[in-house]
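Here's a quick briefing to keep beside you while you look at the model.

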Amino acid sequence: MFSAFKNIFTIKELRSRLLFTALIIVLVRFASTIPCPGVNPAALREFISSMRQTSSGAGGFVDMIDLFSGGALGHFALGALGIMPYITASIIMQLLVPVLPSLEKIKREGESGHARINQYTRYLTIAVCVVQGLMVAMAMINPEKLGMNAPSTQLYYGDKSIFIISTVIVLTCTTMVFMWLGEQITERGIGNGVSLIITIGIVSRLPVAVIELINMAIKGQTMDGTTFRPVQGLLLVVVFFVVTGATILLSEGYRRVPIQMVRKTVGSQLTGGSTYMPLKVNFANVMPIIFAGAILMFIDPVCRFFQWSRLAAMLQYNTAGYNIIYGFLILAFSYFWVANQFNPIRIADNLKKEGAYIPGISPGNATADFLDRTMTRVTFGGAIFLLVLALFPTFLYDQFRIPFMVTQFFGGTSLLIMVGVVLDTMRQLESHLTMRNYEGFLKSGRLRGR
């Protein structure tokens with residue numbers, strides 16, 4: 001493995017791609033440290049610090065948003081929205097394509113259809129940025145309406161209307177630039193650019209989590225005064241590696257469905273024989289957690305804004321009601337994503353056209369029913385595993401009073417994204433190495449893509 005990393009820098013094209021990717025990442029991180037115009041940095045730091053010290057779920061809520069913006073929210077920086085509006089728009093388009101016949105027809109047009117879908121996604125990204133930018137700007141002006149404590153000092157300078165307009169414009173423009181930079185990484189760098197930008201933002205918070213863990217071990221107590229010994233810190237490190245290993249198994253696990261293809265001669269080559277169809281255990285990947293979190297994140301501020309106190313209390317972050325609904329949404333969206341993206345009828349038709357079949361299963365409707373039943377069972381195991389992984393940080397937070405910034409690296413969206421993106425990037429690096437007759441990262445076997 002170490003020789004493979006060394007060989008990366010001996011290939012000129014690969015070295016150029018890595019340097020280009022690193023340069024884009026530096027630009028993105030730089031934009032995450034420059035405050036937006038009109039922000040009062042000192043008052044904002046004091047306000048964010050007071051929110052994190054509250055016993056309610058607001059501190060964890062702020063930390064969760066700050067995590068995916070790479071710390072930009074804590075500074076109310078240019079990149080406070082990050083690349084997440086583009087991810088939201090992409091998810092919405094993926095869900096709309098199978099539902100709207102007009103979009104599905106466009107997608108079937110090939111490269112030109114994909115280009116039009118991508119253009120619609122960009123337009124939708126602008127709309128999402130405007131909505132989220134307005135919500136963030138209003139939260140800066142009147143945070144108590146969202147269930148937060150009133151700041152001791154005004155968080156912004158100047159006129160309220162000018163601050164809102166300028167904030168929406170700046171945040172929207174920065175997100176669109178991030179989206180373009182992500183596309184440049186995908187085309188001229190290494191890895192999926194958009195996913196890599198999100199991952200780098202999450203990883204940038206890792207030193208903060210490590211420092212908090214070390215401080216707890218030195219002080220000998222957690223954030224609420226509970227005793228915390230150094231041996232507990234070592235156990236947390238062990239748990240981190242175990243959970244990471246389990247996440248890799250979840251991301252890479254699949255069920256093999258045997259496929260028998262009719263042998264035939266094409267030119268001078270004999271094709272056909274036995275193969276298999278991989279049905280991924282975690283077919284939806286991190287999407288159910290993102291969906292569930294996004295819905296609850298959106299509903300909670302709306303309830304507080306309209307003063308629906310009873311519903312807001314039930315959906316307050318990290319409460320029992322929140323966790324129950326969160327878990328139910330993860331399970332529901334796991335099956336919803338599979339039902340929307342996995343089409344057993346189309347797969348069965350394609351197998352029949354290619355002269356392939358599943359041993360012991362009749363072609364056609366019987367094959368479609370078999371694939372549907374098998375995928376449903378596989379998805380159940382993956383959804384339960386995903387549910388446990390998503391709620392594990394909450395368990396650490398509730399039972400052991402571990403700070404939220406630390407627990408987020410023990411499961412949930414952040415760990416799934418990091419594992420998936422790292423595996424995908426390593427797969428691309430390995431393909432570049434093996435294509436030039438260099439040894440890959442593994443002596444036996446190959447890294448599989450997501």
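Arg-108 is exposed, at 63% relative accessible area. Keep in mind that this is a predicted model. A search of the whole structure turns up six salt bridges, and Arg-108 takes part in one of them, with Glu-104.

- The Glu-104 to Arg-108 contact comes in at 3.3 Å, N to O.
- Glu-104 is partly exposed, with 21% relative accessibility.
- Glu-104 also pairs up with Arg-346, again in a salt bridge, at 3.3 Å from N to O.
- Through shared partners, Glu-104, Arg-108 and Arg-346 end up in one salt-bridge network.
- Arg-346 counts as partly exposed, with a relative accessibility of 41%.

- Glu-13 makes a salt bridge with Arg-17, and their closest N and O atoms are 3.4 Å apart.
- Both Glu-13 and Arg-17 belong to helix 2 (residues 12-31), where they are four residues apart, about one turn of the helix.
- Glu-13 is partly exposed, at 37% relative accessibility.

- Cys-129 is in no disulfide: the nearest cysteine sulfur belongs to Cys-173 and is 9.2 Å away, whereas a disulfide needs the two sulfurs within 2.5 Å.
- Cys-129 is buried, with 0% relative accessibility.
- Cys-36 is buried too, with a relative accessible area of 4%.

**A nonpolar patch on the surface**

- Tyr-120, Tyr-123, Ile-126, Val-130 and Leu-134 make up a nonpolar surface patch, and together they have about 410 Å² of accessible area.
- Val-130, one of the patch residues, lies in helix 8 (residues 111-141).
- Val-130 is partly exposed, with 32% relative accessible area.

**Cavities**

- There are three cavities of 30 Å³ or more.
- The second largest cavity has a volume of about 50 Å³.
- Residues lining the second largest cavity include Val-281, Phe-283, Pro-288, Ser-334, Thr-379 and Leu-386.
- Helix 15 (320-341) and helix 17 (365-400) each supply at least two residues of that lining.
- Helix 17 gives the most to the lining of the second largest cavity, with four residues.

Terms used. Residues are numbered from 1 along each chain as its sequence is written. This is a predicted model: local features need pLDDT of at least 70, side-chain atom pairs count only at pLDDT 80 or more; totals for chains, interfaces and linings use all residues. Side-chain values use heavy atoms; hydrogens and water are left out. Buried means under 20% relative accessible area, exposed over 50%, partly exposed in between (1.4 Å probe, protein chains only). Patches are made of residues with over 30% relative accessible area and no salt bridge: like charges are joined within 9 Å, nonpolar side chains (Val, Leu, Ile, Met, Phe, Trp, Tyr) within 5 Å. Accessible areas come from the Shrake-Rupley method with a 1.4 Å probe; for residues, only the protein chains shown count as cover. A salt bridge is a side-chain nitrogen of Lys or Arg within 4 Å of a carboxyl oxygen of Asp or Glu. On a 1 Å grid over the protein atoms alone, a cavity is a set of points where a 1.4 Å probe fits but cannot get out, and a pocket is an open set with protein on both sides within 12 Å along at least five of seven lines; lining residues have an atom within 4 Å of a point. Grid points are joined across faces, edges and corners, and a volume is the space filled by probe spheres set on the points.
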